[in-house]
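Hi there,

Here is the structure I promised to pass along. Have a look at it first, and then read on for my notes.

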Amino acid sequence: MRYGDHINKEYALRILIFIVILLAALVGLLNPKPPPALFPHIGFVLHCIGFATLSLATRIAFRHCPAQWLWTILLCCAPLAEFLQLLQPLRSFSRTDIYANLLGVALAALLWFVYTYLKRRWQPNTMYTNH
């Protein structure tokens, strides 16, 4: 196996995972019935977790995209996704869900920032090692 083959397979896997998570999010948003009320504020929790997961998958799939552009696009998509629910007769528009979507993107950005910070901090500095 050549070096480039490994990179292409890794990239394809990241894109595949992103597509699966995106499809799951769309199914959740476009489902004609709201989720069952298993506990209070389940809609808020599902929106927040869904957008956090989608945002992290997007960041992982498109690692070479400039971070400020990617997070800006995700923050813009968060409120727009709530308008998709207006296409379903049994679903309703909710500002609280918009806040949950935005919170999910913010949590994902925070997790990504912490991950990259720790990765850089704990990565061995080869500049000062003796060879």
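Helices here are DSSP runs of H or I with at least four residues, strands are runs of E with at least two, and both are numbered from the N terminus. By that rule I19 sits in helix α1, which covers residues 3-30.

Some ground rules before the rest. This is a predicted model, in which local features need pLDDT of at least 70 and side-chain atom pairs count only at pLDDT 80 or more, while totals for chains, interfaces and linings use all residues. Residues are numbered from 1 along each chain as its sequence is written, and side-chain values use heavy atoms, with hydrogens and water left out.

**The chain as a whole**

The protein chain has 4 helices and 0 strands, giving the pattern α-α-α-α along the sequence. Of its 131 residues, 26% are buried (under 20% relative accessible area; exposed is over 50% and partly exposed lies in between, with a 1.4 Å probe and protein chains only). Taking contacts (heavy atoms within 4.5 Å) between residues at least 6 apart in sequence, 71% join residues at least 24 apart.

I19 counts as partly exposed because its relative accessibility is 38%, whereas L54 is among the buried residues of α2.

**Helix α4**

Helix α4 runs over residues 95-122, and its 28 residues should span 40 Å at 1.5 Å a residue, which agrees with the 40 Å between its end C-alpha atoms. The expected span is 1.5 Å times one less than the number of residues. At the start of α4, a side-chain oxygen of S94 comes to within 3.2 Å of the backbone nitrogen of T96.

Which residues of α4 are buried? They are D97, I98, A100, N101, G104, V105, A108, W112 and T116. Their cover includes α2 (42-61) and α3 (67-84).

For α3 and α4, the axes come within 8 Å and cross at roughly 160°. That makes the two helices roughly antiparallel (the cut-off is over 145 degrees; under 35 is roughly parallel, 65 to 115 roughly perpendicular and the rest oblique). Axes are lines fitted to C-alpha atoms, for helices over the stretch in contact, and angles run from 0 to 180 degrees between N-to-C directions. The α3 side of this contact includes W71, L74 and L75, and the α4 side includes I98, V105 and W112.

For α2 and α4, the axes come within 7 Å and cross at roughly 40°, so these helices are oblique to each other. Among the residues making the contact are F44, F51 and L56 of α2 and Y99, L103 and L111 of α4. Helix α2 itself has 20 residues and reaches 28 Å from first C-alpha to last, close to the 28 Å expected. Its buried residues include H47, C48, F51 and R59.

**One backbone angle to check**

H41 lies in the loop between α1 and α2. Its phi is positive, about 65°, although H41 is not a glycine. For context, most residues other than glycine have a negative phi. H41 is exposed, with a relative accessible area of 65%.

Best wishes

Notes. Polar contact = N/O pair within 3.5 Å; in protein donor to acceptor, adjacent residues only side chain to side chain.
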